[in-house]
Amino acid sequence: MNNLIKIEKAIKEDILQILEIYNYYINFGLANFEEEEMSYDEFFELYRSIIKLDLPFLVAKKDNKIVGFVYLNKFRTKSGYKHTFENSIYIDNKYQGMGIGNDLLVKLLEASKKNPNIKNIIAVIGSFDSESSIRIHKKNGFQTIGILKKVGFKKR
């Protein structure tokens with residue numbers, strides 16, 4: 001783990017910095033399939049719903065600046081999926097390649113073990129340049145179980 005990076009639970013006061021990173025990936029990336037920037041209120045509602053379910057939402061900080069975050073959310077809303085969750089990891093583009101994504105994923109998995117309702121975690125990795133994301137997930141015990149083609153389209 002990078003000693004300069006501190007990983008902790010996200011709090012309401014972190015939302016603006018988190019949202020800046022999230023909206024960057026909406027505008028400039030293909031790993032997030034939102035097509036319009038999220039407002040503070042929309043993102044805060046997402047954050048609130050995750051916390052209300054007692055799911056982990058963590059931030060990585062360097063010198064009190066958020067450089068990445070990770071969270072779990074419902075995989076699907078049908079009742080049969082109630083114990084399956086999807087993880088999302090976002091790293092400030094200026095801090096990629098430093099191992100922060102892996103550190104966040106490790107801490108997310110540790111935090112998830114404390115919630116008995118979390119039985120399965122899925123990573124849906126959706127970008128053509130996602131080798132690093134695939135690598136850190138495999139390193140942490142995830143397996144490729146399938147490839148979905150032509151199911152997500154962005155800005156088309």
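pLDDT is the predictor's confidence in each residue, from 0 to 100.

**Figure 1. Confidence across the predicted model.** Across the protein, the mean pLDDT is 91, and 93% of the residues reach 70 or more. Helices (H or I, at least four residues) and strands (E, at least two) are DSSP runs, numbered from the N terminus. Confidence is highest in strand 3 (residues 65-74), at a mean of 98, and lowest in helix 4 (residues 131-139), at 90. As this is a predicted model, local features need pLDDT of at least 70 and side-chain atom pairs count only at pLDDT 80 or more, while totals for chains, interfaces and linings use all residues. Residues are numbered from 1 along each chain as its sequence is written, and side-chain values use heavy atoms, with hydrogens and water left out.

Figure 2. Two strands pair if DSSP finds at least two bridges between them.

**Figure 3. Strand pairs, one by one.** Strands of a sheet pair through backbone hydrogen bonds, either parallel or antiparallel. Strand 1 meets strand 2 (residues 57-62) in the antiparallel sense over 4 bridges, and here K6 stands opposite K61. Strands 3 and 4 also run antiparallel, joined by 7 bridges; look for G68 opposite I91 in strand 4. Strand 4 and strand 5 are parallel, over 3 bridges, with F85 facing I121 in strand 5.

Figure 4. Strand 4 is mostly covered, as 6 of its 8 residues are buried (under 20% relative accessible area; exposed is over 50%, partly exposed in between, with a 1.4 Å probe and protein chains only).

**Figure 5. Y47 and its surroundings.** Y47 is found in helix 2 (residues 40-52) and counts as buried, at 9% relative accessibility. Leaving aside residues up to four places away in sequence, Y47 touches A10, I11, K12, I15 and F57 (contact means heavy atoms within 4.5 Å). For scale, Y47 and A111 are 64 residues apart in sequence and 16 Å apart in space, C-alpha to C-alpha.

**Figure 6. Aromatic rings around F44 and Y47.** The structure holds 15 aromatic pairs. The F44 and Y47 rings have centres 5.9 Å apart and planes at 35°, so this pair is tilted. Rings of Phe, Tyr and Trp (its six-membered ring) pair if their centres lie within 6.5 Å; planes under 30 degrees apart count as stacked, over 60 as edge-to-face and the rest as tilted. Both residues lie in helix 2, 3 residues apart, about one turn of the helix. Ring pairs link a cluster whose members include F44, Y47, F57 and Y71.
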